[in-house]
Amino acid sequence: MDAALSVPPKKRTRARYVVLALIAVGTMINYLDRSLLAVAAPSMSQDLALGAATMGVLFSAFSWSYALAQIPGGMFLDRFGVRLTYALSVGVWSVFTALQGAATGLISLIVYRLGLGAAEAPCFPANSRILVSWFPQQERARANSVYSVGMYFGIAFLSPVLFWVTGTFGWRALFIIAGVIGVLFALLWWQVYRDPEHSRMVNQAELDHIAAGGGGLASTAGKTSFSWKQIGWLLGKRQILGASIGQFATNATLVFFLTWFPTYLVAERNMPWLKVGWMAVLPFIAASVGVLIGGQLSDALVKRSGSATFGRKLPIVGGLLLSSTIISAAFLKSDVLVIAVMSVAFFGQGMSNLGWTLISDVAPKSLIGLTAGVFNFCTNLAGIVTPMMIGFIVAATGSFFGGLAFIGVLALIGALSYTFLVGRVERIAEPAAEEFK
C-alpha cells in the first residue's frame, strides 16, 4: 500500500473559537460602555441637576449617532475589512467613554454620547461579517448566542461591582476605568485578529469545514463600491425589511433595561441603592440564559428540520411574545414578582436576539457590511425613540405604566413582523451590476 494513503487526515484546528472569544469580549465591552450611564444616572442626575425628561434625551443621544453611523460604518467595513474597522471602533469609543467622566453638564455629556454612538456603530456589522467568514451555517446561531451573551454578561455579573465603584469613587471613575480597559482591548484585537485566509491559527481542514457549511468569505476590502440605490434595493427585500421591523421591537426591550431599568427600581419601586445593584442582576442573568438557549435551540431546529426558516424564526417569535409580558409588572405590588416578570421579559429578549443570525443568513455576500448597517440602523431607531418616550411619559404622568405598555405592544408587533413579513430565510441572490447604475 502507498504510504501516503495510510497517513491519517490532519485534525482541524479550532481557530474560529479563538475569534469567537475575541468578539464576545469586544461585545461585552461595547454594551458595558453604552450602559454605564444607566448605572451612573441616579447620582449623576443629582450632581448635574438633570430631570427625568432631560435624562431621557441623554439616554437617547447615544442612539442618534449610533443609528446614523450604521450605513457609513457598513460602507467602511466593506471597504477596509474587519481587522482595521474593529480596532478603530473599539479604540475611539473607549476614548469617548473615558471623556464622559470629565463631563461638566448636559451639553458635554451629549457630545461624548454622540461620539460613543458613532464609534460603536461598525461593531455589530463586523460581528455579522465574522460569523459568515468563520462559521458554517449550522454553527452560526450558537456562535451568535455566545458572543451575544457579552451584551448581558458584563452588566449581569458586574452590576454589584459597578454600583460599588460608583458609590465608593463616584460616577466619574466608572467611565474612566472602563475607557482604559477598552483601549487595551483595541490593541489586543489588532495584534490577534486576522480573516481566515490570512490567519496563522487556522489549517486547511478547518477552512474546508467552514466552507462545506456555507461559511467563508473572501476578503473584499477595497473592492466593494457604494451606491445609494443599494440601500433601497436591500429594503425592498422582505427578509431585510421584516427583520428590521422585528428587531426594532426587540431592541426596544433591550434599551429599556440598558437605560431606565435601574431608575425604575429606585423611583417606581422605591428600592434602596444597594438592593438595586443586586436585583438588577437577575434579569440580565435571565437574558444571558435566553441568548444561549435561543442559539442552541435554533441550530438544533435547523439541523433536525433542515429548514432555516423554521429554525431561526421560532425562537425569535417565541422570545418576543415573552417580552410582551413586561406590562404585567405594572399591576404587581411585590418586588420579587416584579423582578420575576422582568426576568421573563428579558429572557425572551435574549432569545429574540437571533435576528443577527438571521440577517447573516440572508444578506448578499457582497453587501454583508452594508446589509448589517441598514439592519442595525432600523433596529437602533428604537434606541432613539424608547428612552425619550419613556422619559416624557414619566415626566408627564409620574409613572412608568405607559412606558411598559409601549414596550409590550412593540414586542407583539415584532412577533407579527417576523412571522408574516420576513418570509423564507434564505440568502438573497447577488444583485446584478446594472441594477445600481
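Which side chains meet in a salt bridge at 2.7 Å, N to O? In this predicted model, the side chains of Arg312 and Asp361 do so, a salt bridge being a side-chain nitrogen of Lys or Arg within 4 Å of a carboxyl oxygen of Asp or Glu. Arg312 belongs to helix H15 (residues 308–323) and Asp361 to helix H17 (residues 355–362), so the pair ties together parts that are 49 residues apart in sequence. Helices are DSSP runs (H or I, at least four residues), numbered from the N terminus. Arg312 counts as buried because its relative accessibility is 0%, and Asp361 is likewise buried, with a relative accessible area of 3%. Here buried means under 20% relative accessible area, exposed over 50%, and partly exposed in between (1.4 Å probe, protein chains only).

Because the model is predicted, local features need pLDDT of at least 70 and side-chain atom pairs count only at pLDDT 80 or more, whereas totals for chains, interfaces and linings use all residues. Residues are numbered from 1 along each chain as its sequence is written, and side-chain values use heavy atoms, with hydrogens and water left out.

A search of the whole structure finds 6 salt bridges. One of them joins Arg142 to Asp299, with the closest N and O atoms 3.1 Å apart. This pair links distant parts of the chain, Arg142 lying in helix H7 (residues 137–169) and Asp299 in helix H14 (residues 281–305), 157 residues apart. Arg142 is partly exposed at 33% relative accessibility, whereas Asp299 is buried at 3%. A further salt bridge is formed by Arg424 and Glu426, whose closest N and O atoms are 3.4 Å apart; Arg424 is exposed, with a relative accessible area of 58%, and Glu426 is partly exposed, at 38%. Salt bridges that share partners join Arg142, Asp299, Arg312 and Asp361 into one network.

Helix H1 (residues 15–47) has 33 residues, which at 1.5 Å a residue should span 48 Å; the end C-alpha atoms are 48 Å apart, in agreement. The expected span is 1.5 Å times one less than the number of residues. In H1, a kink of about 65° lies at Ala41, shortly before Pro42. Of the 33 residues of H1, 26 are buried.

The largest nonpolar core contains 123 residues, of which Trp189, Phe256, Phe261, Tyr264 and Met342 touch the most other members. H1 supplies the largest share of this core, 16 residues.

Methods. Helix = DSSP H or I, 4+ residues; strand = E, 2+ residues; numbered from the N terminus. Bend = angle between axes of the 7 residues up to and from the residue. Core = buried A, V, L, I, M, F, W, Y, C linked by side-chain atoms within 4.5 Å.
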